[in-house]
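Hello,

Here is the structure I promised to pass on. Please have a look at it first, then read my notes below.

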Amino acid sequence: MSAIRRDNLNDFNKILLSRQEHNEYFWPNIGEKFHADKGINADIAYDMMLAETNMRLNVLLSFYKGKVFEIKNIQCSRPVENYGPFSLYLGCNFDVILLNGEVLKERTLNGVICLNKQCKLYHLKD
C-alpha cells in the first residue's frame, strides 16, 4: 500500500509475483488444482491474474495516491492452502486508517503466496 500511496509501480511490481516466478516455481506446484477452467496453462492463468490485479490497482491508485494512512488488522478469511513448498493465503482483508481517523475496510488482497517466510502478492481483486 505504501507503493500505491507513493504511486511507485516499480516498488509495487517487486512485491507482485512475476510471470517467471509464477510459471517456473508456483504453477508446477499448483497447476489446474487451483483453477476451475481445465486445460488452462501457466501463461493464461498469469495473464488473467495480472489483468484483474491491474484493474484493481488502478482503482487503488486513484483513491490512495498521496494519502497518509496506516494499515491494521490484516486477516485472511480462508484456511491456508499448501501447494508443494508454497503457502497460499486467500480472501485477505485489512483496515486502512486515514489521517482523519476514518477506517476503510479493504478486501482487495485475493491472494498472497509465501515460501520460507518470504511472501509475494499473487492477486488483487475487486
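Asp95 is buried, because its relative accessibility is 9% and the cut-off is under 20%. Bear in mind that this is a predicted model. Lys105, at 52% relative accessibility, is exposed. The two side chains form a salt bridge, with N and O 3.0 Å apart. Asp95 belongs to strand β3 (residues 86-98) and Lys105 to strand β4, so the pair ties together parts ten residues apart in sequence.

Salt bridges with shared partners also join Arg6, Asp11 and Lys14 into one network. The count of salt bridges comes to ten.

Two more of them are worth a look. Arg19 pairs with Asp47, and their closest N and O atoms are 2.4 Å apart. This pair links distant parts of the chain: Arg19 sits in helix α3 (residues 19-30), Asp47 in helix α4 (residues 42-64), 28 residues apart. Arg19 is partly exposed, at 32% relative accessible area. Asp47 is partly exposed too, at 38%.

Next comes Glu106 with Arg56, a salt bridge of 3.0 Å from N to O. Glu106 is in strand β4 and Arg56 in helix α4, so this contact ties together parts 50 residues apart in sequence. Both residues are buried.

Last, the hairpin. Strand β4 (residues 103-115) runs antiparallel to strand β5 (residues 118-124), and six bridges join them. Leu115 has Gln118 in β5 as its bridge partner. Two residues lie between the strands, and Asn116 takes a positive phi near 50°.

Best wishes

Terms used:
Residues numbered from 1 in each chain as written. Predicted model: local features only at pLDDT ≥ 70, side-chain atom pairs only at ≥ 80, totals over all residues. Heavy atoms only, no water. Pairing = 2+ DSSP bridges. Helix = DSSP H or I, 4+ residues; strand = E, 2+ residues; numbered from the N terminus. Salt bridge = Lys/Arg side-chain N within 4 Å of Asp/Glu carboxyl O. Buried < 20%, exposed > 50% of the residue type's maximum accessible area, 1.4 Å probe, protein only.
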